[in-house]
Amino acid sequence: MIAKIIYQELEKLCEEAQKEGILPEQVKKRFQVEPPKNEAHGDYATNIALSLAGQAKKNPRELAAWFAERLAFRQDLFEKVEIAGPGFINFFIAKKYWQRVPLEIEKAGENYGALELGAQRQIQLEFVSANPTGPLHIGHGRGAAVGDTLARILAMAGFNVQKEYYINDVGRQMQILGRSVYLRAKELKGENIDFPEDHYRGEYIKDIARALLETKPDFFNLPEEEAINLAKEFAVKEILDGIKKDLEDFGVTYDVWFSEKILHEETYIEKALSFLREKGLLYEKDGAIWFKASEFGDEKDRVVIRASGEPTYFAADIAYHYHKFLVRGFDEVVDLWGADHHGYVPRMKAVIKAFGLKEEQFKVILIQMVNLLEGGRLKSMSTRAGEFVTLRELINEVGKDATRFIFLTRRADSPLDFDVELAKKQSRENPVYYVQYAHARLASLFRKAEEAGITPPKANEVDLSLLKYPEDFAILKLLDYFPDTIEAAATKFEPHLLTFYLLDLATALHDYYTKYRFLSEDLAYTRARLVLAKAVKQVLKTGLNLLGVSAPERM
RNA sequence: GCGCCUGUAGCUCAACCGGAUAGAGCGUUGGACUUCGAAUCCAAAGGCUGGAGGUUCGAGUCCUCCCAGGCGCGCCA
């Protein structure tokens, strides 16, 4: 949080500088406050003078001196403020400031890190949204982990978040699903079937057919078309139930399961298209209806109604986003898509602009591929029997915690190699245990303290100035940085930043643990360090919760 | 052919709207447990950030071109 405090102080000074004519009235206030790589450059540094010098036509070092002079008197915050290099301002934070951090954490408890950044704006996150034609696979798992964690982080940052799953339960693939089940059912009855190549061939289809015959013994008395329809309805429900169960066991729940059918049945497609038509953005050509996507940055216009009169998938998506923004009134909408859909982004953005919305209100996060490895070897992703590809198998074999954590150790838009053997290992190669172990170690510490008859003290009851060694400050600084991490992860939509933060905090804790004793003969130190330990434990727990990973008391 | 993403240590990845000497883990080598959990810690070695230009006080980051890999370019979903 100190970074934020400094930032705000500098902003105030900018206004002052403008009044005094040191900075021009029109000035772009673009500058950063960040921890420098080199410790000798202080705890935090800012490039404000370098960034503004050009605009102000001033010498950067002189400008830096102007800012530095006006901040140095804040002795509650700074031990030293110096100018360095071409015009950086380096801040050496007062030890007292760091030592107060445990007080803040104790006061806020599990809300430490909560922000008002979102000002309770309505934001919708749509993710996974796999077609209900089969079980979720490893790639969906990544989308689920990223989407769900992002939702938790955004909520922490003060947004009113709604999580949604879009069910594509309309269209040809649904018909094929129905037929697949229907044919498998016939097979079960003893008929010899030549199963079509383009139908769903997975084992789960047979299971569904079996269940169908059990619940509807008179199934084959229906006319074929009706039977296929029934098979379709039955299969969608079965598969969707399975998907819901898988996600639930993966720690992911949704606020809304949105059926594509609604868009057709409640005429949102017509509504959305007439909205565009009134703006003159639709036209007819070759018997089809086109949307003028090229007027909004897409490379070409796109068909929304086929010559056959059928709406395209794109039309349904237009209607879906019409519903999100103009019917339900979300301020911001975030879609998580597989990276193979990236070509679709410009046309969807075109729709948003055509609706008269701001481009920033709609964000697409692309989730890159997951390559499945076993013992370092790339496994094929075919759905052959025995292949280890479904999310369910991953949860069962590897576990929810390790799976989620691994998915969050990469930026979403970078491809991920998922090594099953490695994910199962309980060693440093598997980073989830590193963080969990830090938490369990602290839990154990408090059990030990209790055994020794020491009640963990309140932060205001101990002498926090005893937290004065480099390793104390390393931890305190990281704890202070937790809210900044939440902010960065939320504004950049990058949940992996939190994962890396937790690894850093765990490292600092493990390091401390081997160098110092928490429980010792010296009661004053013992009490101060228990306060520190409690603060670390709280932040680890909050952080792990945000990742949807458990924070075990023992392991 | 056009567009998007990626290219950083042997391997897997970081690097916060351009910041100071590019950081971790794994692996390798060598070390640390009679004391709070060794699922831990410490140290060493390891780099022309794919290549070439450019922009500026300053580039892994921005621009142009090239190379390599992935993906996308339907009246499919």
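Author: The helices α16 and α18 are oblique to each other. This is a predicted model, and the description below is of its coordinates. The axes of helix α16, residues 431–451, and helix α18, residues 496–515, cross at roughly 50 degrees and come within 9 Å. Angles under 35 degrees count as roughly parallel and those from 65 to 115 as roughly perpendicular, with the rest, unless over 145, counted as oblique, so α16 and α18 are called oblique. As for hand, α16 passes α18 in a left-handed crossing.

From α16 the contact draws on P431, Y434, V435, Y437, A438, R441 and L442. From α18 it draws on L502, L503, A506, T507, L509, H510 and Y513. Sorted by class, the contact of α16 with α18 has 11 nonpolar residues, two polar and one charged.

Helix α17 spans residues 470–492 and helix α19 residues 523–547, and their axes come within 11 Å and cross at roughly 30 degrees. That angle makes α17 roughly parallel to α19. The crossing of α17 and α19 is left-handed. On the α17 side the contact is made by D472, I475, L476, L479, F482 and I486. On the α19 side it is made by L532, A535, V536, V539, T542, G543 and L546. By class, the contact of α17 with α19 has 10 nonpolar, two polar and one charged residues.

W337 is found in strand β11, which covers residues 332–338. The relative accessibility of W337 is 11%, and the cut-off for buried is under 20%, so W337 counts as buried. Leaving aside neighbours within four places in sequence, W337 is in contact with Y344, V345, M348, F362, V364, I365, L366 and I367. One of these, I367, is 30 residues from W337 in sequence, yet the two C-alpha atoms are 6.0 Å apart in space.

N90 lies in strand β4, residues 88–93. N90 is also buried, with a relative accessible area of 2%. Apart from neighbours within four places in sequence, the contacts of N90 are H41, Y44, A45, K80, V81, E82 and A84.

As for the chain as a whole, chain A has 19 helices and 15 strands. Its C-alpha trace spans about 85 × 65 × 40 Å along the principal axes. Chain A has 555 residues, of which 52% count as buried. Among contacts in chain A with a separation of 6 or more, 71% join residues 24 or more positions apart.

Confidence comes last. The mean pLDDT of chain A is 91, and 97% of the residues score at least 70. Confidence is highest in strand β7, residues 256–259, at a mean of 97, and lowest in strand β14, residues 377–378, at 64. Over residues 382–386 pLDDT stays under 50, and the model has two contacts beyond four places in sequence for that stretch. Where pLDDT is low, the predicted coordinates should not be read in detail.

Notes. Residues numbered from 1 in each chain as written. Chains lettered and ligands numbered in written order. Predicted model: local features only at pLDDT ≥ 70, side-chain atom pairs only at ≥ 80, totals over all residues. Heavy atoms only, no water. Helix = DSSP H or I, 4+ residues; strand = E, 2+ residues; numbered from the N terminus. Buried < 20%, exposed > 50% of the residue type's maximum accessible area, 1.4 Å probe, protein only. Contact = heavy atoms within 4.5 Å. pLDDT = per-residue confidence, 0-100. Axes fitted to C-alpha atoms, helices over the stretch in contact; angles between N-to-C directions. Left-handed = near helix turned anticlockwise from the far one by under 90°. Nonpolar A, V, L, I, M, F, W, Y, C, P; charged D, E, K, R; others polar.
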